[in-house]
Amino acid sequence: MRIPIRDTSKEDSYCVTADLLIPGRGEPFKNGCIIVSGTKITHVGAVSEVLKYARLAALPKTHVEVLMPGMWDCHVHLMGIHKVSSAAIVASASQQALAGARSARDVMLLLDAGFTSVREMAGYGIQLDQAISEGSLVGPKIYSSNCIISPTGGHADAHDMLADWFHDAVAHGLPCYTADGVAECLKAVRTQLRAGASVIKICGSGGVGSERDDPIDQQFSDEEIAAMVAEAARARRVVGAHCHGKPGIMASLKAGVRTIEHGSYIDDEAADLMLEKDAVLVATRLIVEDGLKLGEGMFTPIGYQKLLVTAKAQWKAYQLAIKRGVKIAIGTDTGVSIPGGISQGRNGLELGYAVKAGMTPLKAIESCCANGPLTLGPMAPLSGQLKEGYDADFIALSKSPLDDIDVLAHAQNVTHVWRAGKCYKSPGHPVSCI
Ligand SMILES: [Zn+2]
């Protein structure tokens, strides 16, 4: 295994030229190049323009076929579990070294697949991000919510478990948090900020993988949601709400929630409100398709029954949201670590579903690159675009995804990966040997 240790003492500059440059937002162009200095992009343009300056033309060069920004998966979980069940999730808190070891592989697979940033909507991402920043692990930048905040009996409470056991696991680091009433909701948000959360994740509706709630029902009350949004905003964080049913979607949007996760029952009225509020949909189709294929191998029997109903509604809602011009960021909800199965590394499949649901390949790429930072509000880094001053996170491909979006679904088509200016993957030098 090759683990590059980042050396920030040298501000190396270099040039990457490409047959085709896809900027992430705006029109792709042929014979483009970027100049990188340290961790930032300093120039983007046509080779004939940028390299007419002798100083830039003299820089070390790499040539690639297709160059585009590193991708963002705006909804993942890094918990090192092998099944979507409350028992597996709760067990991860008592086996955090095991969860971390499995996640070490997951973060490598994400980078190998061209994902240079992920937004983790509950999991152990804050600790993993620290390990990546220190150079102990190779992986994407992780923006984590730490816990998912749920009301008692809500989507992220473990209904089939003694409440005391669940709360004990929470006290020992399980990334779930239950809160009831405005005061506890404020404390819940502040607890995530204390842990280093970049975004706040709440349950706006019931869930599919949970046992005794209904995905249609709203969970937190209007007052509780508004209190959490205001508290997060004081610390310049936005709230992302897990929402299937329409009541939770509408209540979350009215309270100022920035992103609707899943959005399974968005209709015209909900789409109108999303447009009015400039909210972002993170539609997560990959987990739905994986769940339909794997059935009870992935979900509990109750979860699978709920999935059958939600899957149909979600596909209709996704198509409608695209047609109505709702802002969309790509997210998969991938969170299971099974080697060779449904684990991280297949995240690019989500762009194929975006195209099937009505986006052009270029729009799907914009949703997976430029729109990623929009899900973090004021915490958004300058990332997701090949643009001057932006983070030097970019990837190269052997074929154009504009002709076939599924090029992005397979890590072998990703020939190079750079993150924060450093090259982690190039031909003959894989991200890892796993
Ligand atoms: Zn999720």
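Modeller: What follows covers the cavities, the nonpolar cores and the domains. This is a predicted model in which local features need pLDDT of at least 70 and side-chain atom pairs count only at pLDDT 80 or more, while totals for chains, interfaces and linings use all residues. Residues are numbered from 1 along each chain as its sequence is written, and side-chain values use heavy atoms, with hydrogens and water left out.

Colleague: How many cavities of 30 Å³ or more does the structure hold?

Modeller: The structure holds two. A cavity here is a set of points on a 1 Å grid, over the protein atoms alone, where a 1.4 Å probe fits but cannot get out; lining residues have an atom within 4 Å of a point.

Colleague: What is the volume of the largest cavity?

Modeller: The volume is about 660 Å³, taken as the space filled by probe spheres set on the grid points. The lining of this cavity comprises 40 residues, and H77, V84, I89, H155 and G209 lie nearest its centre.

Colleague: Which element gives the most to that lining?

Modeller: β5 does, with four residues. Strands are DSSP runs of E with at least two residues, and helices are runs of H or I with at least four. By class, the lining has 20 nonpolar, 16 polar and four charged residues; Ala, Val, Leu, Ile, Met, Phe, Trp, Tyr, Cys and Pro count as nonpolar, Asp, Glu, Lys and Arg as charged, and the others as polar.

Colleague: And what lines the second largest cavity?

Modeller: Its lining includes L286, D290, M298 and I342. α11 and β15 are the elements that give two or more residues to this lining. The volume of the second largest cavity is about 60 Å³.

Colleague: Turning to packing, how many residues has the largest nonpolar core?

Modeller: That core has 79 residues, and M68, M71 and Y318 are among those with the most contacts inside it. A nonpolar core joins buried Ala, Val, Leu, Ile, Met, Phe, Trp, Tyr and Cys residues through side-chain atoms within 4.5 Å, buried being under 20% relative accessible area with a 1.4 Å probe, protein chains only.

Colleague: Where does this core lie?

Modeller: Domain 1 (13-70 + 384-425) and domain 2 (71-379) both give residues to the core, so it lies between them. These bounds come from an automatic or database domain assignment.

Colleague: How many residues of each domain are in contact?

Modeller: 26 residues of domain 1 are in contact with 28 of domain 2, contact meaning heavy atoms within 4.5 Å. The domain centres, taken over C-alpha atoms, are separated by 30 Å.

Technical notes: On a 1 Å grid over the protein atoms alone, a cavity is a set of points where a 1.4 Å probe fits but cannot get out, and a pocket is an open set with protein on both sides within 12 Å along at least five of seven lines; lining residues have an atom within 4 Å of a point. Buried means under 20% relative accessible area, exposed over 50%, partly exposed in between (1.4 Å probe, protein chains only).
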